[in-house]
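Please have your viewer open.

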Amino acid sequence: MENRQQFASRYGFIMAAVGSAVGLGNIWRFPAVAYENGGGAFLIPYLIALLTAGIPLLILEFTMGHKYRGSAPLSYFRMNKGSEWLGWWQVLIAFVISTYYAVIIAWALSYTVFSFDLKWGDKPDAFLLGEYLKVADPGVFGSLVPGVLIPLAIVWVVTIGVLFKGVAKGIEKLNKIFLPLLFIMFTLIVIRAVTLDGAAEGLNAFFEPRWDLLTSGKVWVAAYGQIFFSLSIAFAIMITYSSYLPKKSDINNNAFITGFANSGFELLAGIGVFAALGFMAQQQGVPVDQVVKSGIGLAFMVFPSIINSFPGLNELFGVLFFLSLVFAGMTSLISIVEVYVAALQ
């Protein structure tokens, strides 16, 4: 693997940084967090968190990597010998995250294939846990599931292959392809979602402000937590990536572009998800709050049900949705793995 190779362009660095930030969590975590913490009112603490923590800390991490020209442990060591352990702690966090993150991408890859004939059927919940994951009973050891193992192997082969190509020829080139395709595919999904019957009810549930919640400390913690999570702050990713920047780089501008691009995608995801949830609620004749889920349940249980109910082109939009998850996940996974690859080098 190439060591210390610079990104070929400032554009390539921004695309890679945004690709790291725009991950699976943006698509299913932000909409649920916003809805549970004040709806439209949540955008106020979220924006404040972005401006007071997200972008300043991005500038800090970009500056550290750019100035000290090394992985997280090396950058911390060059800054202060006694703080090297912080870099290794971040490397450990990145390693742990990658071990389960890759598995979820493998699920999305499988579901992309399943979308061609809507293989999950009328009961996506039972299909995910039973037929696909083959979840064992509590206290009982399961076995390897080929349907998960094979796509997981593909995910790791692609990840290692991209990293083997190096920074400019691997990471930068992949982000230049995956990110534009991701935005195009997800925009098509959002356009379709907002034209469905019931979409207005879903968007009203998402954006309707509950101002009384702004006095709750829990809401503000959720806002700052979402910013840290979505921008990959304190994961050593941004320190590692910025160490490849050319010497004359506009750190502040790069941080603002990365922060606002990520937040823009999160808002787009919220619009698409809740428009689709509004459609599902109308189809079932229940309030929107009864169909809202967070985490993998939203992506692999609720959305297959929504796709089943689409009035047309069900398979196409299923492929677009799950392929979007694959693209979003791969750009983030590669950035996470690069953290400990660079540290070991």
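A crossing is called left-handed if the near helix is turned anticlockwise from the far one by less than a right angle, and right-handed if clockwise. Helices here are DSSP runs (H or I, at least four residues) numbered from the N terminus. The model is predicted, with local features needing pLDDT of at least 70 and side-chain atom pairs pLDDT 80 or more, while totals for chains, interfaces and linings use all residues. Residues are numbered from 1 along each chain as its sequence is written, and side-chain values use heavy atoms, leaving out hydrogens and water.

Axes are lines fitted to C-alpha atoms over the stretch in contact, with angles from 0 to 180 degrees between N-to-C directions.

| Helix pair | Axes come within | Crossing angle |
|---|---|---|
| α6 (124–132) and α13 (296–309) | 8 Å | roughly 135° |
| α9 (199–207) and α12 | 6 Å | roughly 130° |

The angle in the α6 row makes α6 oblique to α13, and the angle in the α9 row makes α9 oblique to α12. Angles under 35 degrees count as roughly parallel, over 145 as roughly antiparallel, 65 to 115 as roughly perpendicular and the rest as oblique.

α6 passes α13 in a right-handed crossing. On the α6 side, Pro124, Asp125, Leu128 and Leu129 make the contact, and they meet Phe300, Met301, Pro304, Ser305 and Asn308 of α13; contact means heavy atoms within 4.5 Å. By class, this contact has 6 nonpolar, 2 polar and 1 charged residues.

α9 also passes α12 in a right-handed crossing. Among the residues that meet there are Gly202 and Phe206 in α9 and Gly270, Phe274 and Gly278 in α12. The contact of α9 with α12 has 9 nonpolar, 3 polar and no charged residues. Gly counts as polar in this scheme.

On a 1 Å grid over the protein atoms alone, a cavity is a set of points where a 1.4 Å probe fits but cannot get out, and a pocket is an open set with protein on both sides within 12 Å along at least five of seven lines; lining residues have an atom within 4 Å of a point.

The largest pocket holds about 320 Å³ of space. Its lining has 19 residues, with Gly25, Ile97, Tyr100, Tyr101 and Phe229 nearest the centre. By class, that lining has 11 nonpolar, 8 polar and no charged residues.

There are 2 cavities of 30 Å³ or more, and about 70 Å³ of space lies in the largest cavity. Residues lining the largest cavity include Ile189, Gly272, Phe303 and Phe317. Helices α8 (167–194), α12 (251–284), α13 and α14 each supply at least two residues of that lining.

Conventions. Grid points are joined across faces, edges and corners, and a volume is the space filled by probe spheres set on the points.
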